[in-house]
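Here is a short briefing to read with the model open beside you. Take the topics in any order you like.

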Amino acid sequence: MIKKEMIAMLLAGGQGSRLGVLTAKVAKPAVAFGGKYRIIDFPLSNCINSGIDTVGVLTQYQPLRLNTHIGIGIPWDLDRNIGGVSILPPYEKSANSEWYTGTANAIYQNLEYMETFNPDYVLILSGDHIYKMDYEIMLKYHKDNQADVTIAAMPVPLEEASRFGILVTDGEGQITAFEEKPKKPSSNLASMGIYIFSWPVLKDALIKLSAQPGCDFGKHIIPYCHASDKRMFVYEYNGYWKDVGTLSSYWEANMELIDIIPEFNLYEEFWKIYTNSDLIPPQYISEQAVIGRSIIGDGAEIYGEVHNCVIGSGVTIGQGTVVRDSIIMKDVTIGNGCVVDKAIIAENVRIGDDVVLGIGAEVPNKLRSDIYNSGLVTIGENSVIPPNVQIGKNTAISGVTVREDYCEGMLESGGVLVKAGER
Amino acid sequence: MRAVGIILAGGNSHKMRELTRKRAVAAMPIAGSYRSIDFALSNMTNSHIQKVAVLTQYNARSLNEHLNSSKWWDFGRKQGGLYVFTPTITADNGYWYRGTADAIYQNLDFLKKCHEPYVVLTSGDAVYKMDYNKVLEYHIEKKSDITVVCKDLEPEEDACRFGTLKMDDKMRIVEFEEKPMVANSNTVSTGIYVLRRRLLIDLVEHCAEEERYDFVNDILIRYKNLKKMYGYRIEDYWSNISTIDAYYRTNMDFLKPEVRNYFFKQHPSIYSKVTDLPPAKYNPGAVVKNSLVSSGCIINGMVENSVLFKKVFVGNNCVIKNSIILNDVYLGDNTYIENCIVESRDTIRANTRHVGEDGVKVVVEKNERYAM
């Protein structure tokens with residue numbers, strides 16, 4: 001009989017629509033981060049570093065990249081004979097086939113997977129946060145409190161608290177109230193979406209609420225557990241934790257990595273972040289190159305200037321090109337004589353010579369001012385930008401573009417250029 | 001596949017000075033993120049040779065660590081795989097490998113159990129890319145007994161380090177001298193051979209009966225008139241690294257775009273053990289020119305015409321010129337390094353100066369790591 005004390009269920013199905021063209025073709029957890037990582041590497045590395053060797057990854061939206069990246073879990077040593085990493089997409093059942101309609105519904109649809117391991121505890125994680133956390137310490141806290149549910153939470157500024165699920169405690173850590181995105185928050189402890197459940201409690205709640213449409217942890221399971229007087233505790237976390245769900249938070253979290261001593265330090269030996277590292281020739285910095293305050297991935301070739309950037313592996317930056325305050329994901333080629341200011345350029349983009357990105361005034365985006373609102377140029381993966389065009393701020397581009405797509409060689413600030421067949 | 005691979009990786013080289021104090025030549029780091037043996041191993045796997053034996057002996061720990069999993073080169077298969085053979089004491093033999101032929105002799109069981117008709121025999125201390133199938137086809141076409149892969153050196157290079165060859169117009173080898181005092185040919189053996197497995201077993205067994213132990217001197221040279229030996233000339237990049245100068249030059253070659261393209265970008269790839277290191281970081285004050293920088297490096301000072309291996313830390317106001325800094329070196333503030341090879345896992349104290357005046361200087365400093 002297989003027995004695992006705690007298994008993890010990692011929710012990685014989300015689209016992450018607030019990342020705009022970056023997630024048009026990949027799920028948010030598969031978006032590149034920090035030069036060589038993908039967002040999901042952080043929870044997966046946390047799992048293996050915390051001694052959790054059984055992880056179910058729930059996928060749904062555009063899972064190809066994610067599935068390829070995870071494979072059989074080799075980079076995280078999660079290729080195990082018993083347990084390891086399993087990718088759990090929705091599947092057809094004899095009755096009631098459905099997509100994952102909510103976070104808890106997704107877990108409910110995989111009851112059988114969890115039962116295989118006969119766990120005492122189940123850790124629920126989401127695949128879109130950047131942090132390092134030892135779940136084993138959280139589990140100990142859970143056990144010490146004889147809790148049914150433990151929710152990781154961190155203090156946030158009170159004025160921002162209304163964006164989160166807010167937890168109110170009795171001073172001993174036990175939760176007395178739970179407010180989902182409250183107008184007038186009674187505490188500043190925000191739920192991080194990381195839960196430890198005692199397995200019988202989770203199973204009971206999932207089955208009881210199985211008829212609930214769009215069953216969700218924050219909206220349904222947690223209130224249900226609270227209403228049925230379960231012992232619920234807050235595990236307060238004070239380290240670095242970042243939800244990279246918006247373009248500006250994604251950009252900021254990347255930029256924080258290039259501080260001299262970053263708060264979130266990838267260079268620490270004792271809590272390594274693992275990833276599916278490609279073949280690894282070193283990077284080449286040419287005679288003319290100027291590099292200031294940046295991180296640069298393996299296999300890059302830099303002939304131009306790079307300032308305050310996160311550059312992925314296999315990126316080529318041409319002669320006379322200046323790249324500033326930007327995130328360039330892997331395998332991007334930028335031609336000669338370009339200027340790139342405050343841009344997020346997704347994987348495998350080709351940019352011709354003498355292109356200027358990020359000029360002009362900062363005007364709101366015409367189509368999606370809620371997404372493209374931080375002055376960034378965002379370019380979706382596999383896009384092509386022809387030579388000698390200019391692109392303004394708060395813009396988004398996706399697909400293979402040609403010079404005719406640019407009115408007088410220019411995409412004004414606030415414009416969107418998405419080619420047919422792209423989203 | 002029609003061949004098994006044998007990589008001779010046992011050797012020490014006194015010409016490598018301090019660098020082989022703790023590792024075999026085949027484990028020498030190359031081009032920022034590889035080890036010398038990666039080239040032979042990748043060539044094997046890229047030539048679809050799926051059964052490969054590595055014969056190691058001298059300071060094998062570093063090499064064994066590198067070979068800790070065969071999956072890095074895609075050998076982790078049920079069929080075939082990677083076999084690492086170090087000398088063992090057996091009921092009738094208690095010797096170290098007394099030479100290359102003896103190393104093969106002591107592992108003849110492996111060769112006898114194989115079913116592949118041919119053997120590709122190579123060494124672990126050269127940097128090259130090669131499709132061994134091409135040599136094998138040539139070998140068959142020529143009805144050769146032993147095919148020796150050879151290369152014409154540039155006139156300024158010293159052929160006396162190698163076995164030198166002379167061939168007739170049909171490429172049959174007519175002269176073969178091992179490390180001659182005066183080279184009368186600039187065509188050298190690359191130490192890559194193709195021959196039938198049965199023939200290799202016979203030759204090695206015969207050699208052992210006569211208590212001779214060296215593959216080149218006691219087999220190739222002695223049999224050169226009895227067996228049909230042909231040379232297979234290569235034009236592509238090939239560099240043996242087993243002297244300080246050659247090692248330094250080979251690494252520096254990777255600063256040339258054509259060499260970098262050939263090894264880093266052109267198919268097929270060179271594989272190596274994957275390490276999980278963050279991207280290289282350039283802090284304010286970093287000035288880097290014409291250099292290779294590997295993952296995990298943190299740079300504060302100046303680096304010029306140099307190769308930085310993984311996890312090198314360059315302190316403030318450092319100057320690194322024309323140098324090779326091996327893995328995991330910490331360079332304290334204000335150090336000046338020129339024309340040097342800095343041994344891995346060193347800590348160079350702040351305000352230190354090392355300059356290779358006439359030739360390359362090998363720096364080995366073992367100071368406590370004092371700040372991080």
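The notes below go from the chain contact to the sheet, and then to single elements and residues.

This is a predicted model. Chain A and chain B bury about 3,100 Å² between them, and an open sheet of 12 strands takes in strands of both chains.

**Where the chains meet**

- The contact draws on 41 residues from chain A and 39 residues from chain B.
- Of the area buried between chain A and chain B, carbon and sulfur atoms give 52%.
- Polar contacts join 20 residue pairs between chain A and chain B, counting pairs with both residues at pLDDT 80 or more.
- On the side of chain A that touches chain B, the elements giving two or more residues are strands S14 (283-285), S15 (290-292) and S16 (294-296).
- The interface of chain A and chain B also holds 3 salt bridges. One of them links the side chains of A:Glu301 and B:Arg260, with 3.4 Å from N to O.

**The sheet with strands of both chains**

- In order, the sheet reads S33(A)-S31(A)-S28(A)-S25(A)-S22(A)-S19(A)-S16(A)-S14(B)-S17(B)-S20(B)-S23(B)-S26(B), with mixed pairing.
- Strand S33 (416-418) of chain A and strand S26 (347-348) of chain B are at the edges; each has a single partner strand, so one side of each lacks a neighbour in the sheet.
- The partner of S33(A) is seen in the parallel pairing with strand S31 (residues 395-398) of chain A, which runs over 3 bridges. Within that pairing, A:Ser398 has A:Val418 as its bridge partner.

**A:Ile295, a residue of S16(A)**

- A:Ile295 sits in strand S16 of chain A, and its relative accessibility of 1% is why this residue counts as buried.
- Leaving out residues up to four places away in sequence, A:Ile295 touches residues of both chains: A:Gly34, A:Leu257, A:Ile258, A:Tyr267, A:Cys309, A:Val310 and A:Ile311, together with B:Pro279, B:Ala280 and B:Lys281.
- From A:Ile295 to A:Val416 there are 121 residues in sequence and 29 Å in space, C-alpha to C-alpha.

**Covered elements**

- Helix H8 (residues 247-256) of chain A is mostly covered, with 7 of its 10 residues buried. These are A:Leu247, A:Ser249, A:Tyr250, A:Trp251, A:Ala253, A:Asn254 and A:Met255.
- The cover over the buried residues of H8(A) includes strands S2 (32-33), S13 (241-243), S19 (310-311), S22 (327-328), S25 (343-345) and S28 (377-379) of chain A.
- Strand S8 (residues 146-152) of chain B is mostly covered too, since 6 of its 7 residues are buried.
- S8(B) pairs with strand S11 (residues 187-196) of chain B in the antiparallel sense over 7 bridges, and there B:Cys150 stands opposite B:Ser189.
- S8(B) also pairs with strand S12 (residues 229-234) of chain B, in the parallel sense over 6 bridges; B:Val149 faces B:Tyr232 in this pairing.

**Cysteines**

- B:Cys114 is buried, at a relative accessible area of 5%.
- A:Cys47 is buried as well, with a relative accessible area of 0%.

**Two serines of chain B**

- Where is B:Ser242 placed? B:Ser242 is in the loop between strand S13 (238-240) and helix H8 (244-253) of chain B.
- B:Ser242 has 16% relative accessibility and so counts as buried. A polar contact of 2.7 Å connects its side chain with that of B:Asn240.
- Not counting residues up to four places away in sequence, B:Ser242 is in contact with B:Ser13, B:Lys15, B:Met16, B:Val25, B:Asp125 and B:Arg161.
- B:Ser62 belongs to helix H2 (residues 60-66) of chain B and is buried, with a relative accessible area of 12%.
- The contacts of B:Ser62, with residues up to four places away in sequence left out, are B:Lys22, B:Arg23, B:Ala27 and B:Arg35.

How values were computed: Residues numbered from 1 in each chain as written. Chains lettered and ligands numbered in written order. Predicted model: local features only at pLDDT ≥ 70, side-chain atom pairs only at ≥ 80, totals over all residues. Heavy atoms only, no water. Helix = DSSP H or I, 4+ residues; strand = E, 2+ residues; numbered from the N terminus. Buried < 20%, exposed > 50% of the residue type's maximum accessible area, 1.4 Å probe, protein only. Polar contact = N/O pair within 3.5 Å; in protein donor to acceptor, adjacent residues only side chain to side chain. Contact = heavy atoms within 4.5 Å. Pairing = 2+ DSSP bridges. Buried area = accessible area lost by both parts, 1.4 Å probe. Salt bridge = Lys/Arg side-chain N within 4 Å of Asp/Glu carboxyl O.
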